[in-house]
Amino acid sequence: MQKLIWAAALPFVFALSGCLENDVQRAAVGAGVGAVAASATDNDPLIGAAVGAGVGALSDDIADAF
């Protein structure tokens, strides 16, 4: 059930990432969200932060592709 909730929240994370001004800000927010999500799902917060930072930094590039 928790995976379904996080999967449903993913489009909102991408939409909100467009509100930030540069890749550093998006990476910082992504790292925070990734760490919290990993901790909430009993995974390693450092790995979650690393993945979140990558997704945050690249999210505007993904949105521009469409």
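The model is predicted: local features need pLDDT of at least 70, side-chain atom pairs count only at pLDDT 80 or more, and totals for chains, interfaces and linings use all residues. Residues are numbered from 1 along each chain as its sequence is written, and side-chain values use heavy atoms, with hydrogens and water left out.

The protein has three helices and zero strands, in the order α-α-α from the N terminus. Helices are DSSP runs of H or I with at least four residues, strands are runs of E with at least two, and both are numbered from the N terminus.

| Property of the protein | Value |
|---|---|
| Buried share of the 66 residues | 21% |
| Accessible surface | about 4,600 Å² |
| Part of that surface on carbon and sulfur atoms | 72% |

Buried means under 20% relative accessible area, exposed over 50%, and partly exposed in between (1.4 Å probe, protein chains only). Areas come from the Shrake-Rupley method with a 1.4 Å probe; for residues, only the protein chains shown count as cover.

In helix α2 (residues 23-40), the buried residues are R26, A27, G30, A31, G34, A37 and A38. They cover an arc of only 140 degrees around the axis, which puts them on the same side of α2; the arc is that of the directions from the helix axis to the C-beta atoms. An α-helix has 3.6 residues a turn, so residues three or four places apart point the same way. The exposed residues A28 and V36 sit on the face of α2 turned away from its buried side.

I47 lies in helix α3 (residues 45-65) and is exposed, at 53% relative accessible area.
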